Amino acid sequence: MSTSTTAPTAATPAVPPAPKRDWIPVLLMPALALLGLPFIADVPVWLTLTLAGLAMGMIIFIIASGLTLVFGLMDVLNFGHGVFIALGAFVATTVFALLGGWVKSPDALTQLAAVFAAMLAAMLLAGAIGLVFERLLVRPVYGLHLKQILITMGGMIIGEELIKVFWGAQQVPLEPPMILRGSLSIGDAGVETYRIFATVIGLLVFASLVWVLSRTKIGLLIRAGVENGEMVESLGYRIRRLFVAVFVAGSALAGLGGVLWGLYQQNVIPQIGSQVNILIFIVIIIGGLGSISGALIGALLVGLLANYAGFLAPKAALFSNIALMVIILVWRPGGLYPVAKR
Amino acid sequence: MISRLLSHDLPNSRALAFILGVLFLALLFAPFWVPSIKALNLAAKVLIFILLVASFDLLLGYTGIVSFAHTMFFGIGAYGVAIATNAWGPSWSAVITGALAALGLSALLALAIALFSLRVRAIFFAMITLAMAAAFQTLASQLSEITGGEDGLNFRLPELLNPSTVWWEGNPFGINFNGKMLTYYLIFVAVLLLFLALLRIVNSPFGSVLKAIRENEFRAEALGYRVVHFRALSSVLSALFATAAGVLLALWLRYNGPDTSLSFEIMLDILLILVIGGMGSMYGSIIGTVIFILAQGYLQDLLRMASGLAKGIPFLPALLSPDRWLLWLGLMFVLAVYFFPQGIVGRLRDKKQ
């Protein structure tokens, strides 16, 4: 205590010493990557698959981060999260159609501008719909898990049908502009340019999330709310308002992830949301419901494993994720970074 | 007598009793008053869905846990019969072996999923079953040597159940007394017995514990009931009944593929039927199924009319297009969860009190 005279007032000395950072889950990702090497046996292929897996993992993380925070903060499990993914991807198709000149322009910067315009539009719209979704569907069923699952699943059905109303029920192509096509070669390994782009965006999102969560007051309140919501409320903060903000931000991130996912798949179908939903659930269970860093590690593990399994045994690809989840839950029943609550 | 058969869980509402009575008679005499194949198909579908949804009610309505893997067990039942008869030819022993193997597999899988996920947190159950069901569907469509892949399996059943087997030459009013009719009655009797068994289960002391868990998990635990055990058992039982429904589906269709028994759309249908019909009451599955099947048939016509009227107004015709009937059912579903969580059956029973 005597040494803390220079500490800012925010760091009250009454705080117990921070628990040791748990590094084992962080090591899982490189461990899995190394484990894959002898099975794949071909270094360039392994490198390609690993980088592809990481890119896929980053996209999944962007989508999953909002969901896990929403759960951690208010104990709300949103089965309708996938709707925002599909929405984001379809908004991107519309933006690309509107900005056709930009997408096809020979100038690389203009092409990127089209992509960023699509992302911005998707985030804005998904966030706005998220606000409505929270107000109409989630708010009346706080604290009732069973009804939450049913209502948000109903929201998923309605949302998917509404997307079909606006964009039609069939598959819509969503091709990235020229600048993001093709691949770079690192040694003998080829990496698609788009995957690098997705990884960069993912890292940016992760960095800004970490910054908001660890360096701002809102982030402090969110983290405190995840640990103990009642305490935050009793200190005079309106946790519901915080929750709405997180829900909207999570929906916007899902919209962004939808754009990235759609460009990754190069086409969009209305069912994209329910397909990705399953992956995301696996990710947030692996990470520990409510944990952002857990969600990142979970997403990277799932992305890597999906790519390795897709190469080694395509038929086992979906089961590989479930097997991963089972193994992790047997090891740590609350996920990699269990959140203390309950 | 009737009260004992229904395990003293009477409809408790004159309107409900009347509707149920009419439906019972309609289904009982379906082969006679609707001699067309299409209508008989519809009646058989209603029967099978009643059993399927009722078995889901045991889990959702009575135990209060959501599973998205119910179609997985339904599919296991259907595939059990399909694969066995495909491999060993159309004999009764193949049908029975297939059905028993399917029941065993379902019980094991349900137990494994339940013990694994319910032990951790009940909310995991919904997510894990969702993932399992998706994985199982992929597996079924990829193991094409065994399951026929996306195309599914066509198979033959024992002689007695074939539509070409006529067991009474008489043909009054164009009604055929053939194997198809026999299959229908086989399904009818099976569904009736299994439904009564489900009623018995939910009205037994075991069922009361399930309801107690649904209402207040901690209190039930504090009273000395092992919540995990009861939930696991309920989930196994529910899976077994769903498997039985799958077996009946295979007997009726003489075909099975991923889309007929495993698809997520069927899972959503089950959910919609149960919530609209009424959770926590076995009769809800009957009312819900009938409404759903009717909606499938007539809501689309209604929407076609409405969208014709709304021509010229932007988006409205698309919103009212008959292809979007699920949108309106989804809306009804959400409203049902909000305003009458006990569903139509709950409404009818409330009126009486």
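**Exercise 1.** In which helix of chain B is Phe32(B) found, and is Phe32(B) buried, partly exposed or exposed?

*Solution.* This is a predicted model, in which local features need pLDDT of at least 70 and side-chain atom pairs count only at pLDDT 80 or more. Residues are numbered from 1 along each chain, chains are lettered from A, and side-chain values use heavy atoms.

Step 1. Phe32(B) is found in helix H3 of chain B; helices are DSSP runs (H or I) of at least four residues, and strands (E) of at least two.

Step 2. Phe32(B) has a relative accessible area of 32%, so it is partly exposed. Buried means under 20%, exposed over 50%, and partly exposed in between, with a 1.4 Å probe and protein chains only.

**Exercise 2.** Classify Leu67(A) by accessibility and list what it touches.

*Solution.* Step 1. Locate Leu67(A) in helix H2 (residues 43-74) of chain A.

Step 1. Its relative accessibility is 1%, so Leu67(A) counts as buried.

Step 2. Leaving out residues up to four places away in sequence, Leu67(A) touches Asn78(A), His81(A), Ile280(A), Phe281(A) and Ile284(A). Contact means heavy atoms within 4.5 Å.
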